[in-house]
Amino acid sequence: MSTKPKTHSTGHLAWFHTLGRNGKRAFTGAFGGYGLDSYDYWVLPLSLVAITSFFGISKGQAGLLNTATLVLSALGGAAAGVLADRVGRVKTLLITVITYAVFTVLCGFATSYEMLLVFRGLQGLGFGGEWAAGAILVAEYSKPEYRGRAVAFIQSAWAVGWGLAVVVYTAVFSLAGPDFAWRIMFWTGALPAVLVLYIRRTVQDAPGTVEQRRKSPDKGNFRAIFTHGLGRTTFFAAMLATGVQGGYYTLATWLPTYLKTERGLSVINTTGYYAFLISGAFIGYVCGGFITDRLGRKKTFALFSVLSAVLIVLYTQIPVGANTAVLFLGFPLGFCASAIFSGFGSFLAELYPTAVRGTGQGFTYNFGRAVGALFPAGVGFMAESMGVGGAMVFGAAAYGVAVLALLGLPETLGRELT
């Protein structure tokens, strides 16, 4: 039976139908990998108040836990990108999923702050690499006119994993004391083991790309993304990723602490706030894909950079007592801060040729994570004197960096992958 993608599909799900049988399996594997990647990431921010109290650490040290994750994710992402070009997308996807799952579980056994810092940092190696491998895998199965929305649906898995983490967090912290509950949260990070079995049995690289990589002398060559006319692209793509992720991870790292300490919300009461944020995020990821295919990559990044910066300021500066406004503002904040990510997978894939696509995408996206990680760390130290809400405004400035980066990048809407 032929597995060639259909070319006549139309409608809102045409992006999925045209993937073909193997492409759909690749989509499922990448979606599951990124969703569980998100789950394992969110375990820390959700448990941060309990961890801070258990180890008796400062807000700055607490912020450093997430910064370590993001910095190591840059190394993991760059390494995974090179690996994806050399051994294939699927094998790299398997390696990264296993890595982040193992070290997330080990975090639950940490007996000191230093041990937790090391395990969480090592978890970042897999965390950074998984997205690069999965996004490229799906992008190479996608038709050019649908690539933005196909990869955007992979991004939407982040909201699914986030939502699952909040549900488990609410249950665990309601049934167990905080000193033990945070450990249980990390132990649930073993969930990806089930996904590994599925990927091994059913997912394979896109036809044609294996041969293209095999023939190229530059495959997996890290130096190649800084030469052959790609140096300028790599610089500005990394700058774009830095701005977007600096703003997002400031929000992701400190939002749970902000809701608890400055809005005075309990574990149960925060559930409604997360529901608005996460539902906005999921819809943002999905809609962002359609918008980037319609409006173009650069205009979409610019639009949501400005809106995200404005909404972070509004969200964190709402007067005490006006929690209803915070509740409802969570939806547009989640929407805009997530929709901006929808174009990354397609945009970065279109900027690089097949032989170095993994290397380029892995490096630029995760370089942005590493440098962007300075923003949540900075917020942690600034929060000692300014409060968490006041310091989080600093994260809004990161989106200005993203807008500036767009000036040095081309529009790639409709570009065929070469």
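Tutor: What follows is a walk through the salt bridges and their surroundings.

This is a predicted model, in which local features need pLDDT of at least 70, side-chain atom pairs count only at pLDDT 80 or more, and totals for chains, interfaces and linings use all residues. Residues are numbered from 1 along each chain as its sequence is written, and side-chain values use heavy atoms, with hydrogens and water left out.

Start with the rule. A salt bridge is a side-chain nitrogen of Lys or Arg within 4 Å of a carboxyl oxygen of Asp or Glu. By that rule the model has seven salt bridges. Some of them form a network, which links Arg147, Arg149, Asp293, Arg297 and Glu350.

Take Asp293 and Arg149. Their closest N and O atoms are 2.9 Å apart. Asp293 sits in helix α11 (residues 267-295) and Arg149 in helix α6, 144 residues apart, so the pair links distant parts of the chain. Helices here are DSSP runs of H or I with at least four residues, numbered from the N terminus. Both Asp293 and Arg149 are buried. Buried means under 20% relative accessible area, exposed over 50%, and partly exposed in between, with a 1.4 Å probe and protein chains only.

Now Glu350 and Arg297. This salt bridge has an N to O distance of 2.7 Å. Glu350 belongs to helix α14 and Arg297 to helix α12 (residues 297-316), so the bridge ties together parts 53 residues apart in sequence. Glu350 is buried at 4% relative accessibility. Arg297 is buried too, at 0%.

Next, look at Ser346. It lies in helix α14 (residues 344-351). Its relative accessible area is 0%, so Ser346 is buried. Contact means heavy atoms within 4.5 Å. Leaving aside neighbours within four places in sequence, Ser346 contacts Arg147, Gly148, Val151 and Arg297. Two of these contacts, Arg147 and Arg297, belong to the salt-bridge network.

Follow the contact to Val151. This residue lies in helix α6 (residues 147-175). Val151 is buried, with a relative accessible area of 0%. Besides Ser346, Val151 touches Ala135, Ala139 and Gly345, not counting residues up to four places away in sequence.

Another salt bridge joins Glu140 and Arg89, at 2.5 Å, N to O. Glu140 is in the loop between α5 (113-139) and α6, while Arg89 is in helix α4 (residues 89-107), so this pair ties together parts 51 residues apart in sequence. Glu140 is buried, at 12% relative accessible area. Arg89 counts as buried at 0%.

Finally, a contrast. Which buried residue has no salt bridge, with Arg369 as the nearest side chain of opposite charge? That is Asp37, and the distance to Arg369 is 4.9 Å. For charge, Lys and Arg count as positive and Asp and Glu as negative, while His and the chain ends are not counted. Asp37 lies in helix α2 (residues 20-55). Not counting residues up to four places away in sequence, Asp37 touches Tyr100, Phe127, Glu130 and Trp131.

Terms used:
Helices (H or I, at least four residues) and strands (E, at least two) are DSSP runs, numbered from the N terminus.
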